[in-house]
Amino acid sequence: STAASSSLLHPPLFVEIKSDDDERKKLQGGPPRFPVKPTEEYVGEFKVTPAIHAGYALTWFGLSGAGMVMTRTLLRRGR
């Protein structure tokens, strides 16, 4: 009963739905439907390296700081 009540409180994170259309396209060699489901070996593989992520973070923090300085300058000029 505990497992049943637990499953009601926490729905599954991933639901896989297979349709006959997907299987038919695979057999016919047609283009895949998007989004393409990654194979198990690629799940969890990250496309952004830590160095690139740090570059993005620096860029956004810099843009945020510049925005704060420009807003402060604009507000002070109004006085």
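**Figure 1. Overall fold of the predicted model, with three helices and zero strands.** Read along the sequence, the elements follow the pattern α-α-α, where helices (H or I, at least four residues) and strands (E, at least two) are DSSP runs numbered from the N terminus. This is a predicted model, in which local features need pLDDT of at least 70 and side-chain atom pairs count only at pLDDT 80 or more, while totals for chains, interfaces and linings use all residues. Residues are numbered from 1 along each chain as its sequence is written, and side-chain values use heavy atoms, with hydrogens and water left out.

**Figure 2. Confidence along the chain.** The protein averages a pLDDT (the predictor's confidence in each residue, from 0 to 100) of 77, and 57% of the residues score at least 70. Where pLDDT is low, the predicted coordinates should not be read in detail.

**Figure 3. Helix α3, residues 50–77.** With 28 residues, α3 reaches 40 Å from its first C-alpha to its last, close to the 40 Å expected at 1.5 Å a residue, the expected span being 1.5 Å times one less than the number of residues. The helix is hardly covered, since zero of its 28 residues count as buried (under 20% relative accessible area, with exposed over 50% and partly exposed in between; 1.4 Å probe, protein chains only).

**Figure 4. Trp60 and its surface patch.** W60 lies in α3 and is exposed, with a relative accessible area of 61%. Together with V48, I52, Y56 and L63, W60 forms a nonpolar patch on the surface, with about 560 Å² of accessible area together.

Technical notes
Patch = residues over 30% accessible without salt bridge, like charges linked within 9 Å, V, L, I, M, F, W, Y side chains within 5 Å. Areas by Shrake-Rupley, 256 points an atom, 1.4 Å probe, with all protein chains shown as cover. Salt bridge = Lys/Arg side-chain N within 4 Å of Asp/Glu carboxyl O.
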